[in-house]
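Let's take a friendly walk through this pair of chains, from the overall layout down to single side chains. Keep the structure open beside you as you read.

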Amino acid sequence: MQRTMMDFWVGLFVMAGIGALLFLGLKAGNLTDFQADKSYVLIGDFENIGGLKVRAPVKSAGVTVGRVTDIQFSTQTYDAVVTMKVDTRYQFPKDTFASILTSGLLGEQYIGLLPGGDDEMLEDGEKVMKTNSAIVLEEMIGRFLFDKASEKKDSDPEL
Amino acid sequence: MARRIRAAIESIGHRVIESIWRLGTAARFILLVLLKSIPSFLRFRLITREIYYAGVMSLIIILVSGLFVGMVLGLQGYETLQKFGSESAVGTLVALSLVRELGPVVAALLFASRAGSAMTAEIGLMKATEQLAAMGMMAVDPIARIVAPRFWGGVFSMPLLAAMFSMMGVLGGYLVTVVFIGVDAGSFWSQMQSAVDFRYDIINGVIKSCFFGVVVTAIAVFEGFDAPPTAEGVSGATTRTVVTSSLAILGLDFVLTAFMFRGVS
């Protein structure tokens, strides 16, 4: 079959298109980031998850060790049940503390794992017993205003 | 007065019935194109030729537009985000806007104006000069020989053009914010990488552009094939291709976005 200059340009065009997709995946996206190929599942019950979303990172010492894969509401405990996939390379003791943290003032929310000192490690599908809920700004402001009001009331008995 | 109102209602009714009729004809035509596509794949050079005319020839406008859109996004994003002291998040803003929305949508609008209108004009002119009728006389099916390769050429080209548009946009945003303004390059890329997910954002953007490719080329080939065989008819069909495609892209974008990104951060 005869090859023409047009075939060359089309080939170049297809290569450039695939190159652009690779650029987006590798440079702009998180294709090289955490891949949960070999991972185990951990579950955590939180009183309040704030703005935590599926796909949010699970970090320990600032390193991404996993991702949130599912968030459900339990009708038995009235808590949020968060399922996380953690890379098998990273094992955590049974008394690990899981907290919902925020990166920066306006950043995304993620789960921070703080390892304890237990000899036994958490296993696949196991529940993280020690959890700490997200800080909800409205609740904090409300509590602050309430404390201020009660302080004022104590110092001024006429009120 | 009553006669005028009656005429107006009749006119609206006539237009609605005409639109439904036309939609049915278009659906039947596209089904026919799909059924007669196998010969095009057996003679892939026909499709390669159309990828050249629809894709390669649209490259310049796509790349230049992508670069400028990215540059403007970078500039506007920086202006807004610096008020909150989060100028390093400009990379996230540029990349997410491009891969999720602007890349597929603007590339498709440009594709409709550049390649879609050319497709309609070419097929319409072939009809007006009776080339399609002559093919029929020689027992060559014009849908299999002329329409199907153009349809598939456009469908293959669109996602590649959209990816290149997004890539140029990200580079344009980098150029303005990092090179010209002086935002930290490390923060620019790392914030972008932590926010842009390959599967959700980039692949969904590609899926969107595939849908747009199908819609734009389907409208273009139908309008061309259905054009009245006169100079006025061809020009009207070309205009209709751009208008209908643009509206279809924007409408479809809303529906696809609602399906794809609902419930995702």
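A salt bridge here is a side-chain nitrogen of Lys or Arg within 4 Å of a carboxyl oxygen of Asp or Glu. A:D87 and A:R89 form such a pair, with their closest N and O atoms 3.1 Å apart. Please keep in mind that the model is a predicted one.

## Salt bridges

Over all chains, the structure holds 15 salt bridges. Three of them are set out below.

| Salt bridge | Closest N and O atoms |
|---|---|
| A:D87 with A:R89 | 3.1 Å |
| A:K94 with A:E126 | 2.4 Å |
| B:R100 with B:D201 | 2.7 Å |

Let's start with A:D87 and A:R89. A:D87 is buried, with a relative accessible area of 6%, whereas A:R89 is exposed, with a relative accessible area of 63%.

The next pair is A:K94 and A:E126, whose closest N and O atoms are 2.4 Å apart.

In chain B, B:R100 forms a salt bridge with B:D201, and their closest N and O atoms are 2.7 Å apart. B:R100 lies in helix α5 (residues 90-128) and B:D201 in helix α9 (residues 198-226) of chain B, so the pair ties together parts that are 101 residues apart in sequence. B:R100 counts as buried at 15% relative accessibility, and B:D201 counts as buried at 0%. Chain B also has a network in which salt bridges that share partners join B:R22, B:E223, B:D226 and B:R240.

## Chain A as a whole

With those contacts in mind, let's step back to the chain. Chain A has 2 helices and 8 strands. In what order do its elements run from the N terminus on? The order is α-β-β-β-β-β-β-β-β-α. Of its 159 residues, 33% count as buried.

The domain assignment of chain A gives domain 1 (1-30) and domain 2 (39-136). Taken over C-alpha atoms, the centres of domain 1 and domain 2 of chain A are separated by 41 Å.

## Surface patches on chain A

Two patches on chain A are worth a look. On the surface, A:D118, A:D119, A:E120, A:E123 and A:D124 gather in a patch of negative charge. One of these residues, A:E123, is found in the loop between β6 (109-114) and β7 (126-128) of chain A. A:E123 counts as exposed, at 53% relative accessibility.

The other patch is nonpolar. A:I135, A:L137, A:M140, A:I141, A:F144 and A:L145 make this surface patch of about 660 Å². Where does A:F144 lie? A:F144 is in helix α2 (residues 137-155) of chain A, and at 49% relative accessibility A:F144 counts as partly exposed.

## Chain B as a whole

Now for the partner chain. Chain B has 10 helices and 0 strands, and from the N terminus on its elements run α-α-α-α-α-α-α-α-α-α. The C-alpha trace of chain B spans about 65 × 60 × 35 Å along its principal axes. Of the 265 residues of chain B, 47% count as buried.

B:G154 lies in helix α7 (residues 142-181) of chain B. This glycine is buried, with a relative accessible area of 0%. B:G154 and B:M57 are 97 residues apart along the chain, and their C-alpha atoms are separated by 12 Å.

## Two backbone angles to check

Most residues other than glycine have a negative phi.

In chain A, A:A61 has a phi near 55°, a positive value in a residue other than glycine. A:A61 lies in the loop between β2 (57-60) and β3 (63-73) of chain A and counts as exposed at 81% relative accessibility.

In chain B, B:E130 has a positive phi of about 60° although it is not a glycine. B:E130 is found in the loop between α5 and α6 (131-137) of chain B, and at 56% relative accessibility B:E130 counts as exposed.

Key: Residues are numbered from 1 along each chain as its sequence is written. Chains are lettered from A and ligands numbered from 1 in the order in which they are written. This is a predicted model: local features need pLDDT of at least 70, side-chain atom pairs count only at pLDDT 80 or more; totals for chains, interfaces and linings use all residues. Side-chain values use heavy atoms; hydrogens and water are left out. Patches are made of residues with over 30% relative accessible area and no salt bridge: like charges are joined within 9 Å, nonpolar side chains (Val, Leu, Ile, Met, Phe, Trp, Tyr) within 5 Å. Accessible areas come from the Shrake-Rupley method with a 1.4 Å probe; for residues, only the protein chains shown count as cover. Lys and Arg count as positive and Asp and Glu as negative; His and the chain ends are not counted. The place of a charge is taken as NZ of Lys, CZ of Arg, CG of Asp or CD of Glu. Helices (H or I, at least four residues) and strands (E, at least two) are DSSP runs, numbered from the N terminus. Buried means under 20% relative accessible area, exposed over 50%, partly exposed in between (1.4 Å probe, protein chains only). Domain bounds come from an automatic or database domain assignment.
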